Amino acid sequence: GADAAAAGVARLLCFGPRSRATAEGAVAAGLAPARAFHTEDVAALLVEAQAGLGAGDVLLVKGSRGMRLERIVEGLR
């Protein structure tokens, strides 16, 4: 989370129980709380991702195969 904040990400969306600390770390490192989002619900993650994307934006989806985050990629198509 701290690395994401230092890199200047516009928003950080975190998924799964173990990623809560990532979102909290980003906020602690200076990312505005409104720009950090954590959930354990795939549908909520997809809604949040869709709400914040605009033309020309770049979205990095990073996770293990076990998290099955390809569901987010497919949902955004």
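Okay, let's start with a question: which element gives the largest share of the lining of the largest pocket? What we have here is a predicted model, so everything I'm about to say is computed from that.

The largest pocket holds about 840 Å³ of space. There are 29 residues lining this pocket, and the ones closest to its centre are Leu 12, Leu 13, Cys 14, Leu 60 and Lys 62. If you sort the lining by residue class, you get 18 nonpolar, seven polar and four charged.

So, back to my opening question. The answer is β1, with four residues in the lining, the largest share. Two elements give two or more residues to that lining: β1, which covers 12-15, and α3, which covers 42-52.

Now let's move on to salt bridges. How many do we count? Four, by the rule used here.

Pair one is Glu 48 with Arg 11, where the side chains meet at 2.9 Å, N to O. This one links distant parts of the chain: Glu 48 is in helix α3, while Arg 11 is in the loop between α1 (2-7) and β1, and they're 37 residues apart. Buried or exposed, or something in between, for Glu 48? Partly exposed, as it turns out, because its relative accessible area is 25%. Arg 11 comes out as partly exposed too, at 28%.

Pair two is Arg 20 with Glu 40, and here the N to O distance is 4.0 Å. Again, distant parts of the chain are linked: Arg 20 is in helix α2, residues 20-28, and Glu 40 is in the loop between β2 (36-39) and α3, 20 residues apart. If you look at accessibility, Arg 20 has a relative accessible area of 42%, so we call Arg 20 partly exposed. Glu 40 is at 51%, and the cut-off for exposed is over 50%, so Glu 40 goes down as exposed.

Arg 77 is exposed, with a relative accessible area of 72%.

To wrap up, then: a pocket of about 840 Å³, with β1 giving four residues to its lining, and a count of four salt bridges. That's me done, over to you.

Key. Residues numbered from 1 in each chain as written. Predicted model: local features only at pLDDT ≥ 70, side-chain atom pairs only at ≥ 80, totals over all residues. Heavy atoms only, no water. 1 Å grid on protein atoms, 1.4 Å probe; cavity = no way out; pocket = protein on both sides within 12 Å on 5 of 7 lines; lining within 4 Å. Points joined across faces, edges and corners; volume = space filled by probe spheres on them. Nonpolar A, V, L, I, M, F, W, Y, C, P; charged D, E, K, R; others polar. Buried < 20%, exposed > 50% of the residue type's maximum accessible area, 1.4 Å probe, protein only.
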